[in-house]
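Grab a pencil and let's work through a few exercises together. Try each task yourself before you read its solution.

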Amino acid sequence: MKTAITIFFVFALVFSNSIAETTTVEVANGKSYSKCVWYNLEDDATTSAALNAWDLSILTKGTNATIRINSGAGCRLWEVVGKTVDDFGNVIDTTGLNTDQTKFIEWLDSDESWVVGAFNMGKNGFEDNGDFGWGEYNMSTHAISGKKLFIFKDLAGNYYQMRIEDLIGGILYFSYADLNGNNSKTVEFNKKNYSTKSFAYYSLATTPGEKLDLEPSAWSLLFGKYMAMVDDGQGGKTPYNVNGILINYEWSAVKVAGQDPATVTTPTNDSFTSNISTIGHLWKHLNQDFQWEIPSDLCYFVMSPDGLIWKIVFTGFEGASTGKVIFEKTPVEPNSVKDNNGNITGNFAITPNIVAPNEAMNITYSTNSNNS
């Protein structure tokens with residue numbers, strides 16, 4: 001059953017959280033997008049780091065076995081076909097590294113899920129019978145044991161052979177060496193030391209390598225460069241380095257196009273997706289004069305893990321000169337209705353989202369009940 005009610009306000013309506021206030025926010029990740037910036041919707045706090053500050057990122061949340069690479073800054077990863085962790089330390093012939101897929105397979109981070117990094121080889125062990133790409137879950141030891149040998153190119157252009165050995169009790173062990181097996185290093189990385197963060201980071205550039213704590217404990221959106229899968233014009237996808245916006249782990253978002261952002265109805269909770277690039281890089285485009293344009297009928301809604309929702313409307317982008325993004329942020333109320341047991345029983349929508357004195361407001365409520 002769906003009911004629409006129109007109420008005409010003679011005086012200002014006061015909600016439990018008062019009338020939502022729209023604020024303008026500016027986030028800049030530098031000339032040529034030289035920084036990555038973590039931004040928090042709740043308090044507008046930003047934290048930045050040089051884009052080339054790290055080579056590997058390790059998802060610290062839960063029992064995830066995620067290891068990602070800094071592809072936005074130029075890192076690359078190949079699986080050495082037919083080799084295992086036991087082959088680590090032997091000389092590797094890299095002939096055909098970029099051309100012979102019978103010997104080497106290049107892997108990329110997922111641009112849809114934080115859980116699937118390049119080292120995970122397209123797999124999430126929670127959904128793939130314990131196969132996490134670089135390693136496999138052992139029912140006896142309750143550890144994830146390494147099984148693959150990789151070649152890794154770091155930000156400085158150096159090539160290494162690398163293996164991920166184990167993830168046991170939240171401690172990750174991995175080793176890397178020169179392609180001829182010399183200068184081997186083994187790293188013990190305790191994810192629990194970064195339990196308040198989504199990711200911890202590692203740089204191979206220093207000797208020895210360095211563990212890095214870069215991001216804040218609370219953030220919503222990451223502004224920066226990453227490798228995205230874009231349309232190749234022939235019905236397929238191809239990897240391409242872009243500058244865009246990714247949502248944090250366990251956050252969700254939804255894109256709304258073709259509607260006036262000022263009067264758009266907040267989507268229902270089940271419309272939100274955990275795809276980390278829901279905002280991504282396509283909210284702006286270059287016109288025929290090579291000027292950046294933003295559609296006027298486009299907005300996004302972003303939801304925190306505890307159900308807080310913000311509407312985001314992009315209003316400006318300065319491109320590679322400054323990397324500055326300008327957008328309007330409005331907190332909105334969730335529009336799903338739950339019973340005392342937490343089950344969603346219906347949805348309601350309020351339009352417009354911001355109501356001025358003496359302005360009409362439409363309230364639409366739909367119920368899952370069959371009762372009239």
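**Exercise 1: A hairpin**

V37 has S48 as its bridge partner in strand 4. Keep in mind that you're looking at a predicted model.

Task: Work out in which sense strand 3 and strand 4 pair, and over how many bridges.

Solution:
- Step 1: Find the two strands: strand 3 covers residues 35–39, and strand 4 covers residues 46–50.
- Step 2: Check how they pair: the sense is antiparallel, over five bridges.
- Step 3: Look at what sits between them: the hairpin has six residues there, and D44 takes a positive phi near 65°.

**Exercise 2: The largest cavity**

Task: Find the volume of the largest cavity, and say which strand gives the most to its lining.

Solution:
- Step 1: Count the cavities of 30 Å³ or more: there are two.
- Step 2: Take the largest cavity, with a volume of about 300 Å³. It's lined by 25 residues, and W54, W114, L222, K225 and L246 are the closest to its centre.
- Step 3: Turn to the strands: strand 17 gives the most to this lining, with five residues.
- Step 4: Sort the lining of the largest cavity by class: 14 residues are nonpolar, seven polar and four charged.

**Exercise 3: The second largest cavity**

Task: Sort the residues that line the second largest cavity into nonpolar, polar and charged.

Solution:
- Step 1: Note the volume of the second largest cavity, about 40 Å³.
- Step 2: Pick out its lining, which includes I58, N64, W134 and K191.
- Step 3: Divide the lining of this cavity up: seven nonpolar, two polar and one charged.

Methods. Residues numbered from 1 in each chain as written. Predicted model: local features only at pLDDT ≥ 70, side-chain atom pairs only at ≥ 80, totals over all residues. Heavy atoms only, no water. Pairing = 2+ DSSP bridges. Helix = DSSP H or I, 4+ residues; strand = E, 2+ residues; numbered from the N terminus. 1 Å grid on protein atoms, 1.4 Å probe; cavity = no way out; pocket = protein on both sides within 12 Å on 5 of 7 lines; lining within 4 Å. Points joined across faces, edges and corners; volume = space filled by probe spheres on them. Nonpolar A, V, L, I, M, F, W, Y, C, P; charged D, E, K, R; others polar.
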